[in-house]
Amino acid sequence: MSRIREQAERYVAMARNGPKPAAAAKARIAKRLASSLGPSASPDLANESGNAVAKTAGASGAVALGAGAVVLVALFLGRIAMHESHPAHRAFTKHTHAPMEALSLEVRGETPLLSAIPAPSRVQPTPPRSRTINQVAREPVENILRSSLREERELLMLARSALGRADTTSAAAALDDHARFFPRGELREEREALRVHWVTIERGAQAGERALRSFEDRFPRSVFTDVLRVALNRHAIASGE
Amino acid sequence: MAGSVQSLWVRENTNESTHERVDEFAQIYSTEFDYVWETVRRLGAPTRDQEDLVHDVFLRVHASLGTFDRARPMRPWLFGIAFRVVSEARRSGRNRFEVNRDDSDFISEQVSPEQSTIASDARDKVNAAVARLPGEQRLVFVAHELCDVAIADLVELAGVPLNTLYSRLRLARVAFANALHEILGAEANP
C-alpha cells in the first residue's frame, strides 16, 4: 500500500511541474481584459501586453532593433492596445470601405450556401464603449460576458454580410478578428462554419470539401454540417466543378 | 457648505480608491496569472478552453475585488473563483461535442520537449485519476494537493466543517492512489 501511495505522490509532484503558460497567452488575455473592462480600468494590463510583445519580439530575433527601440515599441503597442484591441473598434476601422452594406442583414445576391447558415440574431453594432471602473464594478459580471457575446455576433455578422457580397477579403478580416479575440468564444462553431463557406468561395468546391471534413472532425455533431454539405453541393453544381 | 465638502471628500476618496483598485487588479494579474492558469488547468479544463476560462476568472476577480477581504490570503479566494468558473463551463452544454485538440501555443518555451512530454503524460494520468473521485473529494484533493490551498481556507467554499474536509482529504488520497494504480496497471497490461 505504501508503494501505491509513493507512486501517487510522485505523479502528483510531476503533474505540479507542468508547463508554464506562454508569454503570448498572458498578453492575449491582458488585451482581451483591457477590451472587456475598458481602457480606464486596466492601463497596466495594456503595458503587460506590451511587455509580453517585447519579450516575444526579442525571442524571435528582433533584438537587432536594439533594446531601446523594443521598449519604445512595446510601450507604443501597450498604449494602442488599450484602444485598438476592442473588437468592435477593429471591425469598424477595418471595414470602413463598406460601412453600411456590412452592417445590413439584407444582403444583395446572397448565395444559397450563405442562406443555409443561420444568421446571428439581429444586433445593432454599437460604437466602442469606454466604461469607467465604477461603471464596470457596478455591472454584474454576466453583463460583461453578455457584451462579449454581442461583440462576437457583430463580428460574425460582418463576416456573413461580406460573404454575401463575395467580399472575401473583408470576410477573412472579420473571421480573423473573431478568431484572434475570441479563440474559444461561444460562437466559434458558427465562425468555423462561416470559414468553410469562405474557403468554398475563395478556393473552390474541392477546398471547401476538405474544409468541411475538417469541420466535421472538430464538431462531429454540429447542426451546421448537413446544411453546409447541401449548400456545398449546390455551389459545386453552379460553378461546374 | 458642509455637504459640498463632504461630497468633495467622497469624490476624492472614491477616485483614490478607484485608482488603488485599478493598480491592485493589474498587480494581481501580473503576480497571480500563473497560479490562476495552473489552477484552471488542474481543475480539468480542456486545453483549448483554458484561455477563455482564465479570462473569465479575471473578469470575476475584477468584479468581486470590492468585496474581497484583504486580511485573508489571496490564493484561496482566487481558487474559489476559478472553481466556480470551471464548474459553470463544464455544466454549460455549448460546444460540449467539440473534439479536443491540444494547442502547442500554450506550451512554454522554458520547458524542453522531453520534460514537457513527461509532465504532460503525468498530468493526463493524474487528471484521469482525479476524474474518478467523487465530487466532494475531488474539490478538496485538487485544492489542497495540486493548488496549495490550506484546508482551513476551504471551509467557506465547500460549506462543510473543517473535520469533514480533513476526512474527505484522507479518503480522497486513498481513492486517488488506487485509481492511479489501476490506470498505470491497465496501461502496462492492456
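**View 1. Residues 120–139 of chain A, a stretch with pLDDT under 50.** In this predicted model, pLDDT (the predictor's confidence in each residue, from 0 to 100) stays under 50 over residues 120–139 of chain A. For this stretch the model has 51 contacts beyond four places in sequence, where a contact means heavy atoms within 4.5 Å. Chain A as a whole has a mean pLDDT of 65, and 51% of its residues reach 70 or more. Over residues 52–113 of chain A the pLDDT is also below 50, and this stretch has 89 contacts in the model beyond near neighbours in sequence. Where pLDDT is low, the predicted coordinates should not be read in detail.

A note for reading every view: residues are numbered from 1 along each chain as its sequence is written, and chains are lettered from A and ligands numbered from 1 in the order in which they are written. Because this is a predicted model, local features need pLDDT of at least 70, side-chain atom pairs count only at pLDDT 80 or more, and totals for chains, interfaces and linings use all residues, while side-chain values use heavy atoms, with hydrogens and water left out.

**View 2. Chain B, with seven helices and zero strands.** From the N terminus on, the elements of chain B run α-α-α-α-α-α-α. Helices (H or I, at least four residues) and strands (E, at least two) are DSSP runs, numbered from the N terminus. Of the 190 residues in chain B, 42% are buried; buried means under 20% relative accessible area, exposed over 50%, and partly exposed in between (1.4 Å probe, protein chains only). Among the contacts in chain B with a separation of 6 or more, 71% join residues 24 or more positions apart. Chain B exposes about 9,900 Å², with 51% of it supplied by carbon and sulfur atoms; this area comes from the Shrake-Rupley method with a 1.4 Å probe, and for residues, only the protein chains shown count as cover.

**View 3. The largest nonpolar core, with 61 residues.** A nonpolar core is a set of buried Ala, Val, Leu, Ile, Met, Phe, Trp, Tyr and Cys residues joined through side-chain atoms within 4.5 Å. Which residues touch the most other members? They are Val40(B), Phe58(B), Phe79(B) and Phe176(B). Helices of both chains each supply at least two residues of this core, including α1 and α2 (23–37) of chain A and α1 (2–42) of chain B. The largest share, nine residues, comes from α7(B). Not counting residues up to four places away in sequence, Phe176(B) touches Ala8(A), Val12(A), Val126(B), Ala129(B), Val130(B), Leu133(B) and Phe141(B). Apart from this core lies another, of 23 residues, among them Ala174(A), Phe224(A), Leu228(A) and Leu232(A). In soluble globular proteins, nonpolar side chains tend to be buried together.

**View 4. Gln7(A) and its partners in chain B.** Gln7(A) lies in helix α1 (residues 2–16) of chain A and counts as buried, at 13% relative accessibility. Its side chain is joined to that of His181(B) by a polar contact of 3.3 Å. A polar contact is a pair of N or O atoms within 3.5 Å; within protein, one must be able to donate a hydrogen and the other to accept it, and residues adjacent in sequence count only if both atoms are side-chain atoms. Leaving aside neighbours within four places in sequence, Gln7(A) is in contact with Leu180(B), His181(B) and Leu184(B).

**View 5. Two salt bridges in chain B, Glu32(B) with Arg75(B) and Glu156(B) with Arg72(B).** The closest N and O atoms of Glu32(B) and Arg75(B) are 2.9 Å apart. Glu32(B) lies in helix α1 and Arg75(B) in helix α3 of chain B, so this pair ties together parts that are 43 residues apart in sequence. Is Glu32(B) buried or exposed? At 12% relative accessibility, Glu32(B) is buried, whereas Arg75(B) is partly exposed at 35%. Glu156(B) and Arg72(B) meet at 3.0 Å, N to O. Glu156(B) is exposed, at 59% relative accessibility, and Arg72(B) is partly exposed, at 42%.

**View 6. A salt-bridge network in chain A.** Glu209(A), Arg213(A), Glu216(A) and Arg229(A) are linked here. Within it, the side chains of Arg213(A) and Glu209(A) meet at 3.6 Å, N to O. Being four residues apart in helix α12 (residues 205–218) of chain A, these two are separated by about one helical turn.

Notes:
A salt bridge is a side-chain nitrogen of Lys or Arg within 4 Å of a carboxyl oxygen of Asp or Glu.
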